[in-house]
Each structure stands twice: as C-alpha cells, then as structure tokens.
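Look at the structure below and follow the text from one contact to the next.

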Amino acid sequence: MSKSLPAMTIQDVRTPDPKRFIPGATGDWEVVIGMEVHAQVSSNAKLFSGASTGFGAEPNAHVSLVDAAMPGMLPVINEECVRQAIRTGLGLKAEINRRSVFDRKNYFYPDLPQGYQISQYKQPIVGEGKVSVSVGPDREGRFEEIEIGIERLHLEQDAGKSVHDQHPTMSYVDLNRSGVALMEIVSKPDLRSSDEAKAYLTKLRTIMRYLGTCDGNMDEGSLRADVNVSVRKPGGEFGTRCEIKNVNSIRFVGQAIEFEARRQIGVLEDGGAIVQETRLFDPSKGETRSMRTKEEAHDYRYFPDPDLLPLEFDQAYVDALGRDLPELPDDKRGRLIDSLGLSAYDASILVSDKAIADYFEKVAAGRDGKLAANWVINDLLGALNKAGRDIEDAPVSPDQIGAIIDLIREGTISGKIAKDLFEIVWNEGGDPRELVESRGLKQVTDTGAIEKAVDEVIAANPDKVEQAKAKPSMAGWFVGQVMKATGGKANPQAVNDLVKQKLGVEG
Amino acid sequence: MTELTKKTIAEARAGLRGKEFSATELTNAYLDAIDRANPSLNAYVAVTHDKARAMASASDAKLARGEGGVLEGIPLGIKDLFATEGVHTQAASHILDKFEPRYESTVTANLWADGAVMLGKLNMDEFAMGSSNETSFYGPVVNPWRRANGDNKQLVPGGSSGGSAAAVAGWLCAGATATDTGGSIRQPAAFTGTVGIKPTYGRCSRWGTVAFASSLDQAGPIARDVRDAAILLKSMASVDPKDTTSVDLPVPDYEAAIGRPIKGLKVGIPREYRVDGMPDEIEKLWSQGIAWLREAGAEIVDISLPHTKYALPAYYIVAPAEASSNLARYDGVRYGLRVPGKDIVDMYEKTRAEGFGREVKRRVMIGTYVLSAGYYDAYYLKAQKVRTLIKRDFEEAYASGIDVILTPATPSAAFGIADEDMAADPVKMYLNDIFTVTVNMAGLPGIAVPAGLDASGLPLALQLIGRPFEEETLFQTAAVIEQAAGRFEPTKWW
C-alpha cells in the first residue's frame, strides 16, 4: 500500500554497522528493509458483517449478504475489531487517532465481491509507534537491542480466495475470508538485516499474542508480510526498493530478503539499475521474481467510503482499553530479571513466546524462579526442541515440572533422579510424587543406611583412603561410589558430610 | 371499481376501516387498472398479482378483527431499486437480470409491517441515473399527462422515479416508494402533478436499496397529495442498525403538521435560483407561491445561497465517483447477467458492456476519471469542498432565522420522450436537476408540491427546502400551497 501513499520523508535512524554488511565485488553493501505486516484480528465476526471468522470451514460457509456484496448491502463496523486495533496500537506504544476514516480501494478481482476493499488510507486508526526488538543471540549468546519505528496501523478487509485447481477451465471462489478484519502494520524502513527482519516479525507476533489481538498462525494465513527491500552503500542514499508480497513464514522472510538483497547488489554491480516493482517469493526455489512493475501498478482510486461515517471515540475509551492491557513481553522480561533474579538471557528466552512465558509463570508460582527457569529452558525446551514439538503440545505439564522441583527442594529426590523422573513423566505421564513412591526413587536420608554404605566403600578401598588423606578432594570419588551403591537415592549432601567425616578430611 | 383507485391513501384508509370496501377489492381494482394501463404507460416492470392478493387478504383478516397497521390494506408500488424478497429487483438494469433477492429492504419491510400491500415493481431510470426515465432497460415510462394542444405527443414522467410518479398520477397505485439522489423524487413528482418528498439524509434506511451514490441517496414517497406523502414517510422512516448513516431520532407524526398555521414562519427566497433563461411561467409560479405563503401569514425574506451555481457541476463529480465504485460489484461473478469471455477480464468487460446502458456507462467513466491518480484533487476533492460550502450556505440561512426555503422544483414542465436536444447533449438533461441537487448535496429535506399548470396545461411544482429533520415544516407549508393551488389530475387517455 505504501506505493500509493503520499511520499513520506524517510529518516535514517540507524548507524551502519559492519557486522551487518553484505560483501560484494565492489565493496560492502547495506540492506534496508521495511515491512507491511497483515495481521488477522482475533474476533468472532468479520470487520463489517456478522459472519464468523472461524478457520477451516467448508468453502462459502461463513458468508453474509454483505460479504457477498449483494445489491443494497451496507457495512457496519464491528466494535470488537476497533478495540483490538486500539489495543494493538497501545502495545506498539503508538499514537491512537481518535478520528479515522475508512476508504475504498477499488479494483476488480473475483474474490473481491464489492469491487473494492474497505481500508484506511490517509487517516489510519493508529499512527506512529515503536517496537523494541532483541536480535540474537549471537555466537557469544548476546542479544542486541534495537528499536524499530512503526509508521502506522490501519484496519482493512481481507479478500476471499480463488481456487484454481478444481475445474479444468474455471476458478472457484471461497468467500469465507472475504471481509475478515486485518490490521496492516507498516514499519519504518529501520531494519538492516534479514535477522533483524525476522526478529521484528517475531516480536510483533509475540506482542499480538500477548494482547490476544492476532493468533499469529502464519500457516493459517493469520499473519503475512510484504517486505520492502533496497540496498545501498553503507550510510549512503536509500536505494530503489522492491516489494516482496505476501510472505507467509518467518523463515521465508529471511530467505526472501537474503535472495533479494544479493539480486539487487548483483544488478547494481553489473552497472544496472533497480526497477521499482512488486515481486513474489517462491519458497520452492528460494528466489523472488517480478510480479508487476511500478508502471503496471493499479490505480486504486481511493476515496472515503460514503457508507461509513468517520470512526470516532474519546480518550476515555482508549484509556479504559489501556488499563486492561495484559503485561507485555518487555515488561515481563524486566520483571523476571528484577524480581525473580533471572539472567537477561533466560528472561529473553522465556518471554519470547507467550506460551512459554505462561508455562514458565505457572512453574515459577510459589517456587524458586531461577530453578524454574533452568527446568523450563534446559529440560523442557531442550526436550521439545529435540522432539521437534511446540510448547502447546508438551507432554509434561507445568504442574508436573513444578512437582519435580518441589521433590528436589524437599530433599525427596536428588537432582540426578529428578532428570530421570522428568524423562519418565515425559514418556509415560503420571503424577511425579506417585512415581517416586511406586518406582522407589525416593532419596535415602536415613543416615544409618548411608553410613553403612560409606563404611562399606571405605572398607573395600583402603588404598583410595590413603590417597584421599593426602588429597582431600579425592573424597568426591567416595561420594560417587556411595551414590552408585545406593542407586542414586542417597541424599548427596548427607553422603558428602559422612564421607568427609569418616575419612577425616575437611573440605 | 374505478373510483376506488381514485381515492387518496387517507380516503382509502377511512373506507377500509369503515368496511365500505375490502383491501382485496381495492387491490383488485389497482391490479385491473395496472393490467389495462401498463401497456400504454409502462410504469411497472413487474406486477405481483398473487403476492398483492395474498397480502390484501391478510389485511382483510386483520381489519375484520379490528387490527392492522396504519397502512393496512393500502396498495403501493415499489421502485425497482428497493430489494423485495423473491421479487424482481433489478434497478431497471439488464445487468441484474433475473435477480430476486433473499432479503427485503428496510424501507419496504417497514411498509409491510404497517400493513401495506405490494402491487409490483416500478420502472425507473437504470440504477436511478436519469431525469426522464428513458435510461431504463425496460423502456421509457410514459407520463399520464399530455399537452392540452391535442398533439398527443408522449411526454416523459421525469426521473429517475418516473415509474413511481406515473403510477401515482395514473391511479396505478395509492402511493409509491421512490428514491432521490439529485432530484429523482421531486422532479418526476413535479412533472406529474404529484407530491414527492426527499427527507433528510439519514431519515430512511438505505439498507436493501440498490446504491447509486451512497452519500446522496435517500428514499421517500411519491403520493397524490401532501397528506398521503406524510402518511407514507412516517412508515418508511426509521433508524436502522444495518445502516450506520441512518439517524436515531424519533419519527414524528407528519400528518399532524398538516393544517398547522404558518403565521410568522420565515420563508427564504434565494436569489441565486433565479437562473438565466428561466421561463416566465416558472418565474410567475414562484411569485404566486410567495404570494400564497405571504397571504397565509408567512414572512418572506430574500436570502442568498451564493454557492448554488457550483452545485450541479460538483454533483456530477461526487455522484458518478461514488457510483463508479458502487457499481463495481456488478461483475457477472455472483449474480445477474454473465456474458462468457475467454478469461476473467474478458468476461467482466463483455458483461458490463452488455449489462449497462449508455448513461450508466457514461457515469461510471466520469466517476472513474475523477477518482484517478492525478485528477482526484482537482475534481473529487474540490467537489467535496464545494459541497461543504453549499451546506454552509444553507446553515447560515437557517441560522439567520429562516424556517423554510421556497424555490421552483424544475426549470420546465415535462418534455417529450426522445427529446432531440437532450439526447444530443447530456448536460441539457442534467440541468433538470438544477434546483434539486443542492438539497442532496446539503443532505436536507425537500418537497415538491404541485402549484399550477403551464401554458400547455402541464403541471408545474414548487419546492420547499427545510432544516435537517424538520420535515414537519415542509408538510405544514406544502399543505398551504396545495390548499391554495388545488390539486391537478391528468385527463385519462390510456
């Protein structure tokens, strides 16, 4: 949409950094990226009709008279979509425009029944804002914090879907999506690498998931991105951009930018010029190709939709929505660091995905935060990663992990046994506390039994006893032997104390 | 039965309540009249005999029980622009061939809820674009009025609600729904000696009415006299959650305004409506109207509406712009006419080329042009600014204490079908709306009321323009003119 908007003055807010440069034959290049993200508003009904927005229904099952553009039908704004747009705007720390206008974007296409899309052109509901993005971690495990400007957010209707593979000569049209509310979130051209672009899109998705304003399911089309890419000599004038349309996964965004930047560098280094155009990304070939040039661009004949009055609300309306916003990822991250004492790294990982954060908060409730973070990050996320599963279908629940942590804290099981217990719960399920009982995993804290085991090990290894007297750290060997002999169930602290006492070493 | 069709709605209402005749008798009288007259007048594009009789019979049952709404058993004609469930709804266009909606417009639903009976769908200019009812795919409507000189020349009934006006004037319905975007109720009413009111924008719901120019379109009635128009508007008007431009204000009892004295009412006479080349008889009619109102005790005040002359050109930018977009949905994909093509674009082009008539195409082209990149600011934006100024002219007049404004309704009486001047120059046709478009541009209510005959014996009308949502003042004042001027009926020839 930016290509039809009045030209805006672009300010370069970033400092060129060699670590992001792309080497070319004639020296280094810098890529400049801006994104237009289309996010489907989480709402039960469409933007201007009462039809359902449910995903996966039979074709044309969710179509009202308005969506099918029957003669004489009129749009009526769905207030829930307006609320969601304002809440998203607040989440992007953006200016909320208390008066905005819906316009018609006119073009013919079979899956656009009205012959126009109702959108917002010159007066969007949300103005400028900003998003903090953590890019990384790099090889040293560090995150870089960057700030990306938001140009605007506006509400618009989605189109239907043309289905071309059902008939030898005809196409079918499915209007289930026709009229579904989208938020188009336009960034400033502040992104300087494919990693930044991916991190930005991920962060947007996280913010909207925290807010519950967009489910962010890219495979269902709930989130799509148009990516504007240009290249330039570092710090130089902005180059001519190409817009890559409708990229539907974060990974593809990265691939499309990488390909497009190299393509443009190639053209320029060969003495050519970049033609402003719209391109498509082909995931199977990993390349972008021309869709239409600027000259072929539609003239959308935007004008205010006379069926809809300007959208107006007062500051109290915005304030009330602001008061009810949930904690956002940046705030949550701060809280995890400040009040739970987590490292910045751990906190970043935990808040990066609302589902992980929610999981973690359940585990951490009433428990040691650091211990909870270790278990969620190292054990749970590690196992999920290995199994290629999402946290939504983790086989171990927060309550189960919590119980394992409690068992450690109570001294009922050792840390090592806890790992085994986690694996049992992961594979077989069950109540950790009951499993400890039924499988005999309980830690032996009976000093008599432990003492007996220590005595046996000492008696069986007189040579090692001599060595240990000379080198007290050898006590560790005895502890290991005792643990082995007790099947790992002995309380390690008690073993340690007894071994040292019997050997007569201090440590 | 002929007398039954000559009754006004008020008279028929009394007759039905008094059991002088039944709704079925009344309806059958109209159906007979339509069947006899329609080959000559072409006012109806569809006659719903069965539905009409069923509705009348239901009304009779209610009336027998002493029940029924305010329009119980009153047979009405419905402009083809209003969606009527299961019934021909084509905006008199080829492109909506065989279109019968599964929904009922809010305006007609209101009428049926009050007990009215539907006789059928009335002819009109295609998509309400025209001032002579000659752009209809179903052919021109013939005005029941003829010149007194005996030339028997067929005249237009005006447009776009030409079928509505001709049916009301020719006793083919007790009253009719109509719509007005630039004068489409008032000009045909003026050409046929009937009363037509375009209420304030937002007074009637636009839901279920095929859109021409959304910011200007407004439904209203055409009726035999002022009282009937008041009765009909009361039923048609409502706030509607399905049309967010409809206004949530109580609908007053308009009929009660009739007969209220106008003593002390301030009537504005805008000097800018005295246009170049205006025929003497229009000038005379206007002076006569002023005299009548003065005699009735009104205070006559000369006023200025300085931006009047820009209204027509601005209207012919705004209305086509909106129309070009509103008519984009007629693409052959989902309903109506489809002319096959070799690909989708070819299908669009063939369908729209065949489905739309010349005038509709002309306006879609004008509208597309004025919204195009590079022309938008010069045309559309400028026209919207003019619109604001026109609105402000009226606001200032009303702020200065003016209650109602009196102007001629049209610059002439009805003209001949296939008038060569108008066919050669569309602008001549557009000039028919010169006194009426300002009212749409400002969103105000306006009523056309018959005030006399021209030298050839054709009806002429005056227009009253009111403050927003003060339709009562219009009925009150129009009734005074009607009282003074008398009522006008054509001599039946069909």
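In this predicted model, helices α2(A) and α5(A) are roughly perpendicular to each other, because an angle of 65 to 115 degrees counts as roughly perpendicular. Their axes cross at roughly 85° and come within 9 Å. To find the pair, look for residues 194–211 of chain A, which form α2, and residues 329–340 of chain A, which form α5. On the α2(A) side the contact uses A:K203, A:T206, A:I207 and A:Y210, and these meet A:P329, A:D330 and A:K332 in α5(A). Sorted by class, this contact has three nonpolar, one polar and three charged residues.

The crossing of α8(A) past α9(A) is right-handed. From α8(A), A:L371, A:A372, A:W375 and A:L380 make the contact, and from α9(A), A:I401, A:I404, A:I405, A:I408 and A:R409 do. Eight of these residues are nonpolar, none is polar and one is charged.

The next topic is the interface between the chains. Chain A gives 31 residues to the contact and chain B gives 38. Together the chains bury about 2,800 Å², with 59% of that area on carbon and sulfur atoms. On the chain A side, A:P71, A:F108 and A:R301 lose the most area to chain B, together 22% of what that side buries.

How many salt bridges does the rule find across this interface? It finds one. The side chains of A:D307 and B:R206 meet in a salt bridge, with 3.0 Å from N to O.

Key
Residues numbered from 1 in each chain as written. Chains lettered and ligands numbered in written order. Predicted model: local features only at pLDDT ≥ 70, side-chain atom pairs only at ≥ 80, totals over all residues. Heavy atoms only, no water. Left-handed = near helix turned anticlockwise from the far one by under 90°. Helix = DSSP H or I, 4+ residues; strand = E, 2+ residues; numbered from the N terminus. Contact = heavy atoms within 4.5 Å. Nonpolar A, V, L, I, M, F, W, Y, C, P; charged D, E, K, R; others polar. Axes fitted to C-alpha atoms, helices over the stretch in contact; angles between N-to-C directions. Parallel < 35°, antiparallel > 145°, perpendicular 65-115°, else oblique. Buried area = accessible area lost by both parts, 1.4 Å probe. Salt bridge = Lys/Arg side-chain N within 4 Å of Asp/Glu carboxyl O.
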